[in-house]
Amino acid sequence: MSAPLTSLDRPNSYIGRSVPRPNAKRLLAGRGRYVSDLRLPRMLHAAFLRSPHAHARIVAINTDEARTLEGVHLVATGGDLAKICTPWIGTLDHFKGMTSAPQLPLPLDRVVWAGQAVVAVVAESRAIAEDALELIEVDYEDLPVVVDIDSAREAGGPLVNPGSANNTCFRSQLDNGTVDDAFANAAHVVEEEFSFGRHTAVTLEPRAIVADYDPAAGMLTVHHATQTPYQFQDLYSRHYGIAEARVRVIATDIGGSFGMKLHVYHEDMAVVGLSILLGRPVKYVADRIESFVSDIHARDHRVRARMALDSRGEILAMDVLDLTSIGAFSTYPRTSVVEGNQVIRLIGAPYRFKNYRATLEVIFQNKVQTSQYRAVGHPIACAVTERLVDLAAAKLGLDPFAIRAQNVIADDAYPQTSPTGYRFEALSHQACLKRLHELMNYGALRVEQADLRKRSVYRGIGIATFVEITNPSPAFYGVGGARISSQDGAILSLTPSGEVRCLISVTEQGQGTEAIISQIVADQLGLAQEHVKVITGDTEVTPHGGATWACRGAGIGGETALQAARALKRNILEIAALILQEQPSALDIIDGEVVDAGTRNQRLPIAEIARIAYFRSDTLPPGTQAQLTVSHHFAPQGYPFAFTNGIQGCSLEVDVETGFVKLLKHFIVEDCGRVINPMLVDEQLRGGIVQGLGAALFEECRYSETGQLMNGSLADYLVPMPMEMPDIVIAHVETPTADTELGAKGVGEAGTAAASACVLNAVNDALAPFGATINAVPITPARVLKALKRF
Amino acid sequence: MSGFEDSLLDEVDETVRIRLVVNGRKVVCEVAPRHTLVDCLRDTLELTGTHAGCEMGACGACLVQLDGRAVHSCLVFAVQADGATVNTIEGLTESGVLAELQAEFHRRNALQCGFCTPGMLVNAHELLSRVAQPSREEIRDALSGNYCRCTGYEAIIDAIDTVAKARSENGGAT
């Protein structure tokens, strides 16, 4: 069979090709270089004594006995570190009126959540450091604990931060002023109150850091399992008063991140300080219980929302109240308000309606901080919107596909501005809906569902449309005063042997950054991919940039690489033109050879150009200075974000006797613009969906009335395992962004964005014959049985 | 001699000498009674391919072969492994027994961050040595002690399934 030639049949055409990741072989051989694997000469180990109380005054700390234990080098309390580290405050200027108390590595006189680190011990081994923790005595005086959101909002109730007026971190309202009229004139109104549990990232490798302060050089090197080395270079420099150029942050292999590893953690800041105090490398790796009580948690929203529709099922208005609890502090430097802000701005995003009102209240409580975790705010916005759409469909007697087809913004109606102020360049809801309908074989699924119901088998079908925020511009954090880059940088060099080395600021956590950057560079330069070496994650060698968060690796990092490669190619061809007595425009590069652009006849290997430029520059015309290293930066312009979209569907079965939900199959049609590596995109989607399914069915950080985390282990906190997960069918629609040459948008959060919503709709669909409804995530068997009034 | 008194040494400082065959090589280690096998492999022998994820036998990141069987090295005290044969991801890679699985995992991108991967491979290898042609359901079941947060598992199942089928087509040679 001879399929027609496509652009992928050209030599060195890598954009759009499913090539494996070059770095994966190393990881498969057990040759990963995770921070937890690192051992430096003279390295010591830190452990932390943690507060058993959710809220208490520290009356006294006695560390005398711990200090004398053989092998202990340092015992440090809050005061010791406060002398060398300036405090931080997790607020952003553009969230007007936002408050949060100053934070230090270790507290001075008060603990605000159970599990907060209070005293640090540095010893010759982690075991000795933990032995020393046993010898420390802390006298606490209990303070009133704020645990649930209702008591946190009660006037005159206990305060998380005594001295503040209330427990409100931030309050915001969006209102276009015509919502009440729209509801008054509506033919139908649907309304629901939702609750979304707290869950956490549970990276398989816990947080890990090795700080190495060299007093002789005045140089701090931090090996840090993080997504964002440049952000931490800036923070360590500013809070410890070390010149930025003398702070080096190295992030090699990271054992899972998902947004969790880009926040400032008290222990990490402490470890840097401990290394400065000792002048020796200090290592800290959280153990699993420490991860559960000190990693950021996420979600934890209660949302009341209503939707108004006309008699034909057109959405007229939405009115939303989102209450979210964020713990005792707002995280630094990205704040804990971003999630709620995205919830109220993403609600209703796929739909064409004008009247919107939303109130956001962000509340402190005595728990660990919540903050940005994969698909920030998206699962909540999506679940609220899509459940209301399903409720409306039921009320109007419409099929879930039909009501969405009727209300989504038409594919030919862009650009559009959402009622919440987001500007959409081009989305493809109609195409995605149509494709999902086919992909699911929707008609057959409904027939099967009806047949099985007659035999008391209760299957549910759910769909959920979503919009995802990717390629964030400075409008995300920069405008709020945070020193978080939205631009990225790349340095490309042609080596004397004719290969290319690419230093780039976007980082790799397993999603395939190295692979796609090498694909783009090889594609643009006309080289074999194996001749491109990509280096990431070291502030000493890679240029400053935003690195990897909020789905910016391909869209922003990829565009940076593309533009840098084009610049290097221009320079190579200029030298080639001098050597070959040609115009640069008459030449091209294919498979590492300079060729005639028209005929593709080979003229000269680029290795020969490199050899001449590096070793025989005397043979080049006078005045020639070959620039075979280029550095290039790229910051997004045009739309503040590259929004993407898609739709998910699922089929599941509810056992109405036990309340267990069995996922049968999951589907997604997704539009991330230009696809660089289809295999990696699909794997991002699958991984993201499974994280979303975990949130939908299993994951919840459960607290006692006194603020103790009740399920802080992998035996108690349920995560998706292979047996419970379905196969996932994937299809794509491609709407490239016109804001970049590459056209790529992000994809890492699309899977997580709509998975919970999809399952919520499907479980409710399964329970429809019983008149039972579920409005809480995770959908546990107990909640299902309760909805069925069987528990 | 240093100045401190012997009385300062308590039982946790006492070490035990154990002998093992690790990845085909005889090794002798001085370990504290509280040290687990994963501590010994990672810290003493610098075989960091074996990872510690939960330290309670739930996640499977620390699986190694102990006397030919896949075990959680976080649940075995190093002293219990005295006299045993241990194969880690490093040794199993060198010996080539994982080569087909590794190639298929690579081809399908059945890993992302790679932290669970050594444990996944040890488990997959054990499964395929017990059951020549596992169904997808059996593969999913066998992996239910291996937690992966990145992939969603499907590519891993596909990779193992493909290797099992290829082996049976080649007359079951392993």
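Author: A residue counts as buried under 20% relative accessible area, as exposed over 50%, and as partly exposed in between. The model is predicted. Over all chains, the count comes to 60 salt bridges.

One of them pairs Arg39(A) with Glu46(B), with 2.9 Å between the closest N and O atoms. Arg39(A) sits in the loop between α1 (24-28) and β1 (44-50) of chain A, while Glu46(B) sits in the loop between α1 (37-44) and β3 of chain B, so this pair joins two chains. Arg39(A) has a relative accessible area of 47% and is therefore partly exposed. Glu46(B), at 51% relative accessibility, counts as exposed.

β3(B) runs antiparallel to β4 (residues 69-72) of chain B, with 4 bridges joining the two strands. The bridge partner of Leu63(B) in β4(B) is His72(B). These two strands make a hairpin with 2 residues between them, and Asp67(B) in the turn has a positive phi of about 45°. β3(B) also pairs, over 2 bridges and in the antiparallel sense, with β5 (residues 85-87) of chain B, where Val86(B) stands opposite Leu66(B).

Back to salt bridges, now in chain A. Asp287(A) and Arg126(A) meet through their side chains at 3.6 Å, N to O. This pair links distant parts of the chain, 161 residues apart: Asp287(A) lies in the loop between β12 (281-285) and α9 (288-294), and Arg126(A) in helix α4 (residues 126-134). Asp287(A) counts as partly exposed at 21% relative accessibility, and Arg126(A) is partly exposed with a relative accessible area of 22%.

Another salt bridge connects the side chains of Arg357(A) and Asp180(A) at 2.9 Å, N to O. Arg357(A), at 14% relative accessibility, counts as buried, whereas Asp180(A), at 45%, counts as partly exposed.

Some salt bridges share partners and join into one network. Its members are Arg50(A), Arg126(A), Glu130(A), Arg207(A), Glu267(A), Asp268(A), Asp287(A), Glu290(A) and Asp295(A).

Conventions: Residues numbered from 1 in each chain as written. Chains lettered and ligands numbered in written order. Predicted model: local features only at pLDDT ≥ 70, side-chain atom pairs only at ≥ 80, totals over all residues. Heavy atoms only, no water. Pairing = 2+ DSSP bridges. Salt bridge = Lys/Arg side-chain N within 4 Å of Asp/Glu carboxyl O. Buried < 20%, exposed > 50% of the residue type's maximum accessible area, 1.4 Å probe, protein only.
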